[in-house]
Amino acid sequence: MHFQWDWLCLGVLIIGSVTAEIENEEILGADVEVEDFDKQSQEADVDEDESSIGIVYQTPKPTGEVYFTETFDGVLTGWILSKTKKEDTDDNIAKYDGRWEVEELKENTVPGDRGLVLKSVAKHHAISTMLTKAFIFDNKPLIVQYEVNFQEGIDCGGAYIKLLSSSNDLNLEYFFDKTPYTIMFGPDKCGEDYKLHFIFRHKNPKTGEYDEKHAKRPDVDLKKFYLDKKTHLYTLVLKPDDTFEMLIDQTVVSKGNLLEDMVPPVNPPREIEDPADKKPDDWDERPKIPDPNAVKPDDWDEDEPSKIEDLDAVKPKGWLDDEPQYVPDPNAKKPKDWDEEMDGEWEAPQIPNPKCETAPGCGIWVRPMKNNPKYKGKWKAPMIDNPNYQGIWSPRKIPNPDYFEDSHPFEMTAVSAIGLELWSMTSDIYFDNFIICSEKEVADRWAADGWGLKKLVASANEPGMFSQLVTAAEDHPWLWVLYILTLALPIGLGVLFCWPAKKTDEDIEFKKTAVSKAITKGEIKQDREELEDDEIDLEEEKDNEDIVEDERREPEETKGELVKDTQKMEREASPSEDEGEGVEDIDEEEENGVADGSQEEGDKSNKSGSEDEMKEDDESTSSGDGPLKSVRKRRVRKD
């Protein structure tokens with residue numbers, strides 16, 4: 001048992017240590033699983049800028065074919081601020097006069113790494129630039145990736161980008177909300193509505209008009225990406241097989257098909273309801289109707305009220321009929337500025353009558369009302385199935401005159417520029433490391449050299465587990481109870497199961513008794529088995545020639561044992577001998593009996609006599625006094 005308790009204590013200690021390690025990793029780790037870019041980042045060439053934890057930053061460089069990259073680490077060139085105004089908006093806020101700056105992160109700074117920061121609050125911002133080369137949707141995937149950090153959180157505003165459609169009249173100085181775009185992608189939030197947009201403009205092949213197609217909302221909770229003030233990586237992957245994926249921090253949060261998972265669908269329905277079709281006047285949509293054959297019962301009285309006076313009610317004793325429930329306040333005084341001509345005659349305000357506080361009630365007593373047992377209400381015929389029911393009417397279907405089928409919506413309008421057109425009620429939204437390419441490996445390497453370093457620095461600057469627990473408890477005080485229980489439970493279990501208990505004399509005596517009893521039972525079982533074996537041997541020896549001699553010697557030995565037993569009983573009856581000596585004599589006699597029995601078994605070959613003589617001896621012996629019987633039983637039990 002002691003061995004089992006040792007193993008239990010060891011198991012509790014191991015589980016506690018493993019649980020603490022897991023909790024530490026969960027608190028210090030990121031909220032989402034990400035690929036390990038730290039090793040790739042450390043392989044970068046050494047630059048003159050180095051962080052406080054020894055991380056060397058180098059401006060990311062593309063490792064393959066790209067259509068656009070921007071790190072904002074150097075001089076901001078090529079980016080154009082919009083000079084136009086937003087339509088359908090008040091003039092005082094219609095102008096795109098929001099301010100942009102290029103600067104480092106406020107927290108978890110990587111020296112030398114800068115980004116584009118939206119600085120103004122409650123203003124429209126618009127900035128754009130041309131791609132290195134236009135992207136044409138043919139047989140290559142489109143990968144758009146960039147970083148966002150809501151440094152001050154976000155109340156209401158977006159951080160999405162627009163890929164502007166190629167056109168001959170594209171002028172970035174006049175970039176505004178109505179500028180044609182092909183794809184809009186990125187985070188957006190207002191109130192408690194957290195979104196991740198993916199919208200593409202699809203051209204109707206019949207009319208030539210463009211319609212916006214919105215991807216379905218992701219199933220994951222996006223709230224943490226907007227409030228943790230960390231830099232997050234947003235990626236859109238659009239493939240030529242008309243499938244798409246949206247990723248945050250290299251983890252897929254939404255995926256689907258352009259033909260099946262967009263709202264509204266890319267292709268219109270084949271059939272539509274006929275707008276000229278009208279429901280016939282005799283169309284009956286009622287599934288149930290009143291039974292026309294039902295008749296109101298004769299005893300149905302519709303005039304009976306639902307409530308009647310309770311005639312059995314009795315006015316309580318002490319009811320004050322002459323006292324009103326409210327009386328004028330005797331302590332009230334007319335205000336000094338009271339003008340009776342303007343305000344009328346002044347009256348003291350009413351207060352509850354103090355005499356009614358100790359009485360059951362005041363005023364005229366009225367019997368209470370009760371439900372009328374005869375009330376049945378207005379009679380209505382029961383409802384039955386309508387034999388003329390025709391179902392819910394709907395217009396007939398006709399072929400959709402505007403129907404078309406676009407089996408390959410990936411072939412969108414080519415893209416030649418990228419822009420940010422935003423409104424925000426929060427400042428300091430950080431953008432960095434834009435890339436547009438067709439190879440996932442190129443985008444991953446780009447992320448490793450930029451976002452991977454930011455993630456590593458943020459993880460290194462995370463406060464310790466104890467600090468995080470204290471901070472969480474400050475926001476949620478009920479966590480202190482959980483902390484105390486979490487610490488007290490393993491300590492209590494350790495004391496309960498692992499603390500050595502003192503052994504009392506009663507426990508020791510109980511254990512000795514249990515062991516003694518177990519040994520005695522084992523010896524009895526062994527003696528019984530030996531006795532059975534001896535009996536089998538005796539039955540086999542009866543067929544031998546020496547059976548007679550054995551039976552002749554047995555009465556003589558029995559007599560000898562009778563004499564010894566008689567002497568023993570005399571010693572027991574003697575008052576001069578104490579109990580301990582009597583016990584020793586009995587044991588000696590039993591040992592002598594065992595020795596005699598052993599000698600008897602050894603001399604079985606020399607025994608003689610017949611079976612009849614043995615029976616006579618037994619009868620004569622049994623007819624004697626009681627001690628002889630006990631001696632024979634004791635001898636047999638001993639054998």
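Helices (H or I, at least four residues) and strands (E, at least two) are DSSP runs, numbered from the N terminus. The model is predicted, so that local features need pLDDT of at least 70 and side-chain atom pairs count only at pLDDT 80 or more, while totals for chains, interfaces and linings use all residues. Residues are numbered from 1 along each chain as its sequence is written, and side-chain values use heavy atoms, without hydrogens and water.

The structure holds 15 aromatic pairs (ring centres of Phe, Tyr or Trp, its six-membered ring, within 6.5 Å; planes under 30 degrees apart are stacked, over 60 edge-to-face, the rest tilted).

F72, in the loop between strand 1 and strand 2, and F434, in strand 25, are 362 residues apart. Y146 belongs to strand 6 and F185 to strand 9, so their pair ties together parts 39 residues apart in sequence. Both F72 and F434 are buried (under 20% relative accessible area; exposed is over 50%, partly exposed in between, with a 1.4 Å probe and protein chains only).

Helix 6 (residues 440-449) is mostly covered, with 7 of its 10 residues buried; among them are W446 and D449. L493, by contrast, lies in helix 9 (residues 479-498) and counts as partly exposed because its relative accessibility is 33%.
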